[in-house]
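These are my notebook entries on a structure that I am reading for the first time. I record what I looked up, entry by entry.

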Amino acid sequence: MVFAYIANLLALAGIYGIVGISLNVAFGYTGLANLGHAALFGIGAYVSALLALSLGLPFWAALLVAGLFAAFIGWLLAWPTARLRGDYLALATLGFGFIVESVFKNWMDVTRGPLGIPGIPKPELFGFVFASTESYLLVVAFFLAITYFVVKRVVDSPFGRVLKAIREDELAAQSLGKHTHRYKALALALSGFFAGIAGSLFAHYITFIDPSSFTIFETILAFSIVIIGGMGSVEGALIGAALLTFLPEPLRFIGFPSAIIGPARQLIYAGLLIAIILKRPEGIRGEYAFGLGEKHAKSKQA
Amino acid sequence: MLKVNKLEKSFGGVRALDSCSFEVEEGSITGLIGPNGSGKTTLFNVVSGIYDADAGSIVYDGEDITELEIYKRAAIGMGRTFQIVRIFPKLTVLDNVLLAQPHIGESFWSAFIRSKGMRADESRHRQRALEILGEVGLREKANDLAKNLSYGQQKLLEIARALAVEPKLLLLDEPLAGVNPALAVKIIGILRKLREEGKTILVIEHRMRDLLKLADKMIAMDNGRVIAQGVPIKVLRDRKVVESYLGEKSREKFA
Amino acid sequence: MALEQLIVNGLIAGAIYALMASGFSLVYNVLKFLHVAHGAIYVVGAFAGWWLARVVGVPLPAAIVGALVLSIIAGVLVDFVAYRPIRKKGEAALLMISFGVFIFVQSLVLLFFGADVKSYGLPIERGLDVAGAIITPLQISLIAISLVTMAALHVFLKFTKAGKAIRAVADDAEVARVVGISPERTILVTFILSSLLAGVAGVLVGMEQNIEHAMGLSAVISALTAAVIGGIGNVPAAVPGGFLLGIVENVGIFWLPSGWKAGISFALLIIFLFFRPKGLFGGKTRTV
């Protein structure tokens, strides 16, 4: 009984861990503040759910296609935003996120709008259905491990080095011959791929999705995971996800009604986000704290 | 090596570059001088591609590169340093240099498939990067974060990066600014060696004495225009050049 | 719905957007970051007014004044606690902490006041017929108050010493310091002004419509869209930006199903960001 409860939290933490790692690729490593990240997560969820339900695709295939499609959208997002800096990029990605949310809410024929999509099937393998929480946890853990190793491999490679250079100073990177727009597109594609996979895992776990799970608040939650865990650290995203999933739970035991738990949760993660930025901006494991201030301060004299 | 023809660049209503034309010969060191605000850095920015020229042309090694994107100019051998150092602060010194080297298996897929050839490549590049750091005297600092270097060391790192690009043309924006005399001597030595190796250097500087000893040719700018070019001593003595530097003072006298 | 009515609705919405966008652009002008928590101040204003008038029982005019005072306190507090310590950390840090503050305040409002919709309980008015559209006296006053407030802001910024100080600090804080202006005091004034604007907007909306805890999100999105349309950082331009957004949004549903109303404003935001990032009148942007 208790184990099912913990397993549930672990599964969610694992899914959010993948979300955090995927955001880290774009934001922590490449410096792209994609305020529409929840949209990529949501696109993965919807694509996977729809493929499984209307085409009868097995979970594993639906997940893969969802990831690839979200990767494609991420890649597409990169090109018009390639020249945008700082606030403009934030605004454009914010707009993108809202437009996708609008599509989820209004494209009744496909997404059923606010009614959502129920009855999303669980994964199956050689006849075994991963119906219980504990068994689903294995599925999540499997994909979390893949995400971890793939992303780690990428960010520690020469390719990853270029991403970090773009984060530090895109213009200087261009002056050294890097086609930065292409790298940014690949970073957003990779970010989208794993966000899409996380979305698929989420959809097939909760078995019901609706637009309210893919809003700006989920994006900020993802950023909180990354910032609290430490930008530019894959382990940090895991720590952040675990922390934000488990921390609000004691409230349940103190006897708060569930109507309180929801907003209290948001209060906690917003409060933690504020506190970390104020006191320890590099996060728990970060190699990198917000450093844009220095560059802009210098350019005032230029 | 570099031929600039009637370059124009305006920002808002301000004419930063006004019909600039000059030539830089291969294997020479050319000094670019002028009072503050005369357009020298703007010129560098246009030549390196950070700004697009409003009019005019840039011919590099025989090719017209006026429309070429920034990152492609590095690929054809244009290296550049910045007036205010633009290193990558939270990366190591070694990474800073590695990033400057061309053709280094930085593609996305090579993160997954590291053939033996690629690994040999990477270690060769690493060797070369350490060599370059050795040339500027930063070898022991290879694993330090660039932001932890002193100002002078950061300037050297900028130069190391410009070298790693394996440039044919180097655009140096005030490489000697704010450095102590010993370091200045070192940097001048590096520049001389580069010239011996056949590289072309265009350098913005204010330290006239050092420039005189170093430069084969001098170009003087004022108000976005090239007002004189030629043998360094003659350019420095040119009346227009002298006036451009004293400009404010003489205007005050007549006001 | 008839076109005239939609235009009138657009003007009413636009009046609020203009107020919010002015305050938002003002902060951007001076501090160069997106003060998303502006939406939270708006919510504070709306709820403070409701609470004072309906729970505490203060007469409406006093409740309004109290709400404005509380909005100002909230805004100044946000700056002091969240922004001031990280002034130099760059726009990304400020943006993130601003989101954090926004969510924190919204959650507090939800916890304290619950999720149900609240009303200021003003008597229902008869609408007047103006050129074929119905508009209530309250709505007319709303538009008028909005315009007067922004005119006052404009006069303040252009002609008072504090206003000039704001423009100086917006240009270059270090230089302003050298000529004897205190940047921190000027920033304080900036937040007082922008919070006042948000508070006025919140109270006006509270009186004209119902309020609920999540109202801040759409308000701040409209604020930033209107600001981008006018030119981000350009305070006077926020006025036409706001009214334009209001009208396009409302008139837009003449042709499109009403569910897409929000989509219209997002589309406008994207169009401007990609094709005319400086907005209609040019904004104040960061260099580099």
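**Entry 1: helix α6 of chain C.** I looked up the buried residues of helix α6 (residues 161–171) of chain C and found C:Ala165, C:Ile166, C:Val169 and C:Ala170. The model is a predicted one. Viewed down the axis of α6(C), these buried residues fall within an arc of 135 degrees, so they line one face of the helix. I then turned to the face of α6(C) directed away from the buried side, and there I noted the exposed residues C:Lys161 and C:Asp171. Against what do the buried residues of α6(C) pack? I found that they pack against α1, α5 (137–159), α7 (173–178) and α8 (183–208) of chain C.

**Entry 2: the nonpolar core.** I looked up the largest nonpolar core and recorded 285 residues for it. The residues with the most contacts inside this core are A:Ile15, B:Ala160 and C:Met20. Helix α1 (residues 3–31) of chain C gives the most to the core, with 17 residues. I also noted that domain 1 (1–77 + 167–255) and domain 2 (89–164) of chain B both give residues to this core, so the core lies between them.

Entry 3: I recorded that the C-alpha centres of domain 1 and domain 2 of chain B lie 28 Å apart. Where the two domains meet, ten residues of domain 1 of chain B are in contact with seven residues of domain 2 of chain B. Helix α6 (residues 181–196) of chain B gives the most to the domain 1 side of this contact, with three residues. By class, I noted eight nonpolar, two polar and no charged residues on that side.

**Entry 4: contacts between chains.** Which chains have the most contacts among the two pairs that touch? I found that they are chains A and C. Chain B and chain C do not touch, and their nearest C-alpha atoms are 11 Å apart.

Terms used. Residues are numbered from 1 along each chain as its sequence is written. Chains are lettered from A and ligands numbered from 1 in the order in which they are written. This is a predicted model: local features need pLDDT of at least 70, side-chain atom pairs count only at pLDDT 80 or more; totals for chains, interfaces and linings use all residues. Domain bounds come from an automatic or database domain assignment. Helices (H or I, at least four residues) and strands (E, at least two) are DSSP runs, numbered from the N terminus. Ala, Val, Leu, Ile, Met, Phe, Trp, Tyr, Cys and Pro count as nonpolar, Asp, Glu, Lys and Arg as charged, and the others, Gly among them, as polar. A nonpolar core is a set of buried Ala, Val, Leu, Ile, Met, Phe, Trp, Tyr and Cys residues joined through C-beta atoms within 7 Å. A residue is buried if 20 or more other C-beta atoms lie within 10 Å of its own, exposed if 12 or fewer, and partly exposed in between; C-beta atoms are placed from the backbone. The arc is that of the directions from the helix axis to the C-beta atoms.
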